[in-house]
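Work through the exercises below with the sequence and coordinates open. Each task is followed by a solution in steps.

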Amino acid sequence: MTKRDLLQHLEAVAKQAGVKVIYDELRGEGGLCRCKERYFLILNARLSQHQKIELIVDGLAKLDLTGLPLLPEARVLIERETMTKKRPDEVLVPVLNRR
């Protein structure tokens, strides 16, 4: 799987999870944010594909993706991120807009 394919898959997973992915010219890298019960992944458009993948994986790792189809490569990255970044007592962010 190419980086481009993986990035497109992760963007699709984010969309299915109710997260809008936005690319814009930012001073920083970007990341997951919430505004009035809606979630957004706002990413610097100038980042490499690798950096975009890392940021999307980081954002998705904070969400409950139960029931969403994930390619094995994406699942491994998200699970690895979840295990390394989250505290055991942290509550998963509920996924909104699953209609």
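Angles under 35 degrees count as roughly parallel, over 145 as roughly antiparallel, 65 to 115 as roughly perpendicular and the rest as oblique. The model is predicted, so local features need pLDDT of at least 70 and side-chain atom pairs pLDDT 80 or more, while totals for chains, interfaces and linings use all residues. Residues are numbered from 1 along each chain as its sequence is written, and side-chain values use heavy atoms, without hydrogens and water.

**Exercise 1.** State which elements the chain has and in what order they run.

Solution. Helices (H or I, at least four residues) and strands (E, at least two) are DSSP runs, numbered from the N terminus. The chain has three helices and three strands. Read from the N terminus, their order is α-β-β-β-α-α.

**Exercise 2.** Determine how helix 1 and helix 2 are arranged relative to each other.

Solution. Step 1: take the axes, which are lines fitted to C-alpha atoms, for helices over the stretch in contact, with angles from 0 to 180 degrees between N-to-C directions. Step 2: the two axes come within 10 Å and cross at roughly 30 degrees. Step 3: helix 1 and helix 2 are therefore roughly parallel. Step 4: list the residues in contact (heavy atoms within 4.5 Å). On helix 1 they include Leu-6, Leu-10 and Val-13, and on helix 2 they include Ile-53, Ile-56 and Leu-60.

**Exercise 3.** Is His-9 buried or exposed, and which residues does His-9 contact outside its sequence neighbourhood?

Solution. Step 1: buried means under 20% relative accessible area, exposed over 50%, and partly exposed in between (1.4 Å probe, protein chains only). Step 2: His-9 sits in helix 1, residues 3-16. Step 3: His-9 is buried because its relative accessible area is 16%. Step 4: with neighbours within four places in sequence set aside, His-9 contacts Pro-69, Leu-70, Leu-71 and Ala-74.
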